[in-house]
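Reader: I have a model open and some labels to check. Can we go through them one by one?

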Amino acid sequence: MDAFSEILSGVKLSGALFFSAEFSAPWCFASPASNTLAPLLAPGAPHLVIYHFVIDGAAFVQLPDGQSIELGPGDIVVVPHGDPHVMTSAPGVAEASLNSAILSKIKARDLRPMQAGGGGDSARYVCGYMACDPFLSRPILGGLPPVFKVHIRTDRSGQWLENSILHLVEEAASGRVGSDAMLAKLSEALFVDTLRRYVAGLPEQQTGWLAGARDPIVGKSLGLLHSRIAHPWTIADLAEEVGISRTALVERFTRYLSEPPMTYLTRWRLQLAARSLENTSRGVSEIAGEVGYESEAAFNRAFKREFGEPPGRYRLKHKRTFSNSANPAAPQVDLRASSSSSESAGKSAISL
């Protein structure tokens, strides 16, 4: 399995579409930070990635720092770090007060298109989210900008996804049994496809985890390390597996990730162990073995170097109090699996 797929398989993505709109200009849709939206959309979710898919018409997405991206039909805009943002028909459209109709539709999971606006050119889009554990998805999220867009109408795969989603949005609005579950799966597929397209479009000189995962040698190395986390890797073993010399592998890996493979592996092992200490009741010795340490003492020393305190003390400070079984949206970590509308002054705006 490639590194990108390996990370995503361990993150346990879950998502859904939560809003559908047909707005006429001028309009403005303001979304707060995702940690404000999470209790409404996915209670207990540690992190939400918000995205908007423009079906017809034009729109702009704006972040608090002033960054603005223009969108057209077939564009998907992703806000991976949960920043507050505004979608609008044009820059400068005034925001309005909270609109209870939007909140009611979202709470009711009503995907019938909401119609509002000032009567000008129309735009149609749907909004979705992905819930994920930001800790386990850090390699991917850490390499993403505050906002980015991709276009999915360039090939049959994207066109199939779009047509399927639009069909299921209509079914969900009609209340047909099972449509919500299918829509959730397609939402996940759309999100993953969007990430793949973003990675494929990175400049050749780009560095970082995402660019490294695209490189045939570094990507294969990352895939091996993530899929066999407890394997007693040496640089010689890894170099042989990917078919390159040890020196060349270290140089190439470091060029993309700013550290050699074994340093990366150690850091990732300890991060997985820390997450397991937070979210499970398994013993320190068991966790140590799951991440590739034969000796609990060696694991304790390495963990203390990385986090500044031994595993037991870290667990006491960071142990989560919620129950995963009572809250399916809560992050669940199993290292054994990981290793294998209103108007104002002639302008209409909607604020969430």
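Reader: What makes glutamine 271 count as buried?

Author: First, a caution: this is a predicted model. Buried means under 20% relative accessible area. Glutamine 271 has 12% relative accessibility, so the label buried applies. Glutamine 271 lies in helix H11. Leaving out residues up to four places away in sequence, glutamine 271 touches Phe135, Arg138 and Phe307.

Reader: Which residues line the largest pocket?

Author: Arginine 138 and glutamine 271 are both in the lining. Other lining residues include Pro139, Gly142, Trp209, Tyr264 and Trp268. The largest share comes from H11, with 4 residues. H4 and H11 each supply at least two residues of that lining. The pocket holds about 200 Å³ of space. By class, its lining has 5 nonpolar, 3 polar and 3 charged residues.

Reader: What makes serine 137 buried or exposed?

Author: The cut-off for buried is under 20%. Serine 137 has a relative accessible area of 5%, so serine 137 is buried. Serine 137 lies in the loop between strand E9 (122-131) and helix H4 (138-141). Beyond residues up to four places away in sequence, serine 137 touches Val11 and Cys132.

Reader: Which residues line the second largest cavity?

Author: Ser137 is one of them, along with Val11 and Cys132. Leu8, Leu13, Ile140, Leu141, Phe191 and Leu195 are also in the lining. Helix H1 (3-11), H4 and helix H6 (179-200) each supply at least two lining residues. The space in this cavity is about 50 Å³.

Reader: How do you know the class make-up of that lining?

Author: By class, the lining of the second largest cavity has 8 nonpolar, 1 polar and no charged residues. Asp, Glu, Lys and Arg count as charged.

Reader: Why are the buried residues of helix H9 said to be on the same side?

Author: In helix H9 (residues 235-242), Leu238, Ala239 and Val242 are buried. They cover an arc of only 100° around the axis, and therefore sit on the same side of H9. An α-helix has 3.6 residues a turn, so residues three or four places apart point the same way. The cover over the buried residues of H9 includes helix H8 (216-227), helix H10 (246-257) and H11. Glycine 243 follows H9, with a positive phi near 75°.

Reader: Which residues touch the most other members of the largest nonpolar core?

Author: Ile140, Trp209, Leu210, Leu222 and Phe299 do, in a core of 74 residues. Helix H11 (residues 261-279) gives the most to this core, with 8 residues. A second, separate core has 33 residues, including Leu37, Ala42, Val54 and Ala131.

Reader: What does tryptophan 209 touch?

Author: Not counting residues up to four places away in sequence, the contacts of tryptophan 209 include Ala3, Phe4, Ile7, Ile140 and Leu222. Pro139, His226, Leu257 and Tyr264 are also among them. Trp209 is in the lining of the largest pocket as well.

Conventions. Residues numbered from 1 in each chain as written. Predicted model: local features only at pLDDT ≥ 70, side-chain atom pairs only at ≥ 80, totals over all residues. Heavy atoms only, no water. Core = buried A, V, L, I, M, F, W, Y, C linked by side-chain atoms within 4.5 Å. Buried < 20%, exposed > 50% of the residue type's maximum accessible area, 1.4 Å probe, protein only. Contact = heavy atoms within 4.5 Å. 1 Å grid on protein atoms, 1.4 Å probe; cavity = no way out; pocket = protein on both sides within 12 Å on 5 of 7 lines; lining within 4 Å. Points joined across faces, edges and corners; volume = space filled by probe spheres on them. Arc of directions from axis to C-beta.
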